[in-house]
Amino acid sequence: MSEEIKLMKGNEAIAHAAIRCGCDGYFGYPITPQSEVLETLMEIEPWKTTGMNVLQAESEIAAINMVYGGAGTGKKVLTSSSSPGVSLKQEGISYLAGAELPALIVNVMRGGPGLGTIQPSQADYFQTVKGGGHGDYRLIALAPASVQEMADFVGLAFDLAFKYRNPAIILADGVIGQMMEKVVLPPFKPRRTDEEIEKECPWAAVGKKKNRERNVITSLELDPAVMEERNNHLQRKYKTIEENEVRYEEYMCEDAEYLFVAFGSSARICQKAVELARAQGIKVGLLRPITLWPFPTKAIAKYADQVKSMLSVELNAGQMVEDIRLAVNGKVKVEHFGRLGGIVYTPDEIIEAMKAKIM
Amino acid sequence: MTIEDIIKPENLVYKKPDIMNDRPMHYCPGCSHGVVHKLIAEVLEEMGVVEDTIGITPVGCAVFAYNYLDIDWEEAAHGRAPAMAVAIKRLRPNKLVFTYQGDGDLAAIGTAETIHACNRGDSITIIFINNGIYGMTGGQMAPTTLEGMKTATCPYGRNTKLNGYPLKITNLLKELDGTCYVTRQSVHTAAAVRKAKKAIRKAFENNLNQKGVSVVEIVSTCNSGWKLTPEKANEWMEQNMFPAYPLGDLKDTTGDSQTK
């Protein structure tokens, strides 16, 4: 059978992919520019087919705590929102990380700070990869650059979340959420049965059976020695993830003398900038982090021995550039180029910035 | 000689519920929490639903309830237990899903989650401990603190001009279409304990029979926060809390009303 190609928005692809990857529940609250996720699910009514629950919560805070509650019973659950709403979810995200629950959060970023703008932005990089909520924790962060990746990363994020008992986040932006592209949706995967969940998640609170200890989903521990060990356990887990789950893509990097580093929609625009620059005889390549955490530190460090300089192209005032500088550790010049307020740069603007800042 | 040798089965008239762990409680002497915990344990065992129960603990004195009852638990962020309970009930409709919350948790920081869960009508049970004070953080003013009552953050007594009025949230919840059973009980006398147990049983039965939200408020003592002996605290509760929070069923759409 030939592949079924559809045309849809990135937000719609998230909804379809969630149903198809055997998701048990979605809990969300409307906010631009991601409302199509909830709207699409409500239109499809997956509870009539796969049995997936969909609920419009009273707030983003309630939604993330519904995710926490559901994830604590081993179910495959997600929420989506956009920047101001994701700020509201940070308490719950920290609890998910502390209680080691697998869950998926989708952030279709808009500009900030505050109520900001409904136009696209990538200004939640820090919030996503440096914490956001309180305490020492990490989220597995995937940055899609196409509608296809919006669809593909839902299943991937859940696989990683359950593999490591850790919340995962898809960090998209208003461009990826709103633009329409062709997409091949993932094949239907049945929801796990309760028996399969109990086997896969022996830690889940599903009702205590006589043959095991009670399961308690909590992030609380008042004994400092025990709490330090819990934190050390988390840090060991994060190290394992850093060693095994780094994902990135290279574009025309083999002979590159200059390097763009960009994620999400910025990487799409940089791809065009690479082509236009090369037509002018400038040997530039693009490294696109797919996982923002774990960050492709080693891959970027390697290019510090090859290229003359790097430009971090982000729709913000300079966030990922800090991680690139840490990676190259002063070996080459690393500058930042961004636009703010919801304005998206053109490929030509990026080339001009490259010439002005790093050549 | 073991306890089984001393007490012959035919003479056994009372025993600790099996799911109450042998762990010393952190609650202060005279506190109502221990009695309510025991009632929940007894009801779950009598109904035979221990293996199908998921409890949600709050932030507050009862945060460690999961140490005392041998069932599966999830520990909520402050005030968020009802949102979690709704999701769990949707995802696992055949489970008995209940929250156990204090007045600060349920009626201050978690008001939105409480109201919307009660309005949505999923069959969850809310056990609401109302002692008019924040116990765990050291006796600060709660939404349910009585007018004139002294706490660490209203040391001269609750002044309604400064602090607003005591929030009778259970009265609000009974107005919502999603609640099927709303009752206010206490556990300060043997008779009151028996009535409270019946209320909890009814609320848990509603839970499994998918009737809607059941709210069991237990007007409770906080000896440490109130700075009263257990006996005096009971007297003070009868004289001051009960007039503001009168006991009895506020709503019952499921059939026979138990008490007035």
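The structure is a predicted model, in which local features need pLDDT of at least 70, side-chain atom pairs count only at pLDDT 80 or more, and totals for chains, interfaces and linings use all residues. Residues are numbered from 1 along each chain as its sequence is written, while chains are lettered from A and ligands numbered from 1 in the order in which they are written.

**Confidence**

Chain B has an average of 95, and 98% of its residues score at least 70. For the complex, the predictor gives an ipTM of 0.96 and a pTM of 0.96.

**The two domains of chain A**

Select residues 5–184 of chain A for domain 1 and residues 250–357 for domain 2; such bounds come from an automatic or database domain assignment. Their C-alpha centres lie 26 Å apart. Where the domains meet, 24 residues of domain 1 are in contact with 21 residues of domain 2; contact requires that the C-beta atoms of two residues, placed from the backbone, lie within 7 Å. On the domain 1 side, α6 (125–129), β6 (140–142), β7 and α8 (174–178) of chain A each supply at least two residues. Helices (H or I, at least four residues) and strands (E, at least two) are DSSP runs, numbered from the N terminus. The largest share of that side, four residues, comes from α6(A). By class, the side comprises 16 nonpolar, six polar and two charged residues. Here Ala, Val, Leu, Ile, Met, Phe, Trp, Tyr, Cys and Pro count as nonpolar, Asp, Glu, Lys and Arg as charged, and the others, Gly among them, as polar.

**The sheet of seven strands**

Next, display the open sheet of chain A with the order β3-β2-β4-β5-β7-β6-β13, in which the pairing is mixed. Two strands pair if DSSP finds at least two bridges between them. The edge strands are β3 (53–56) and β13 (291–293) of chain A, each of which pairs on one side only. Now select β5 (residues 104–109) and β7 (residues 168–173) of chain A, which run parallel and are joined by six bridges. Within β7(A), D173(A) is the bridge partner of M109(A).

**The sheet of five strands**

Move to the open sheet of chain A with the order β10-β12-β11-β14-β15, again with mixed pairing. At its edges stand β10 (248–251) and β15 (333–337) of chain A; each has a single partner strand, so one side of each is left without a neighbour in the sheet. β10(A) runs antiparallel to β12 (residues 284–289) of chain A, and four bridges join them. One bridge to locate links E249(A) with R288(A) in β12(A).

**Where the chains meet**

Show both chains: 28 residues of chain B are in contact with 31 residues of chain A. On the chain B side, β1 (53–57), β2 (72–75), α4 (81–91) and α6 (111–120) give two or more residues each. α4(B) provides the largest share, eight residues. This side holds 15 nonpolar, two polar and 11 charged residues. Strand β9 (residues 216–217) of chain A pairs with β2(B) in the parallel sense over two bridges, and the bridge partner of I217(A) in β2(B) is E74(B).

**Two helices of chain B**

Finally, select α4(B) and α6(B), whose axes (lines fitted to C-alpha atoms over the stretch in contact, with angles from 0 to 180 degrees between N-to-C directions) come within 7 Å and cross at roughly 30°. That angle makes α4(B) roughly parallel to α6(B), a description used for angles under 35 degrees, whereas those over 145 count as roughly antiparallel, 65 to 115 as roughly perpendicular and the rest as oblique. P82(B), A83(B), A85(B) and V86(B) in α4(B) meet E113(B), T114(B), A117(B) and R120(B) in α6(B).

How values were computed:
pLDDT is the predictor's confidence in each residue, from 0 to 100.
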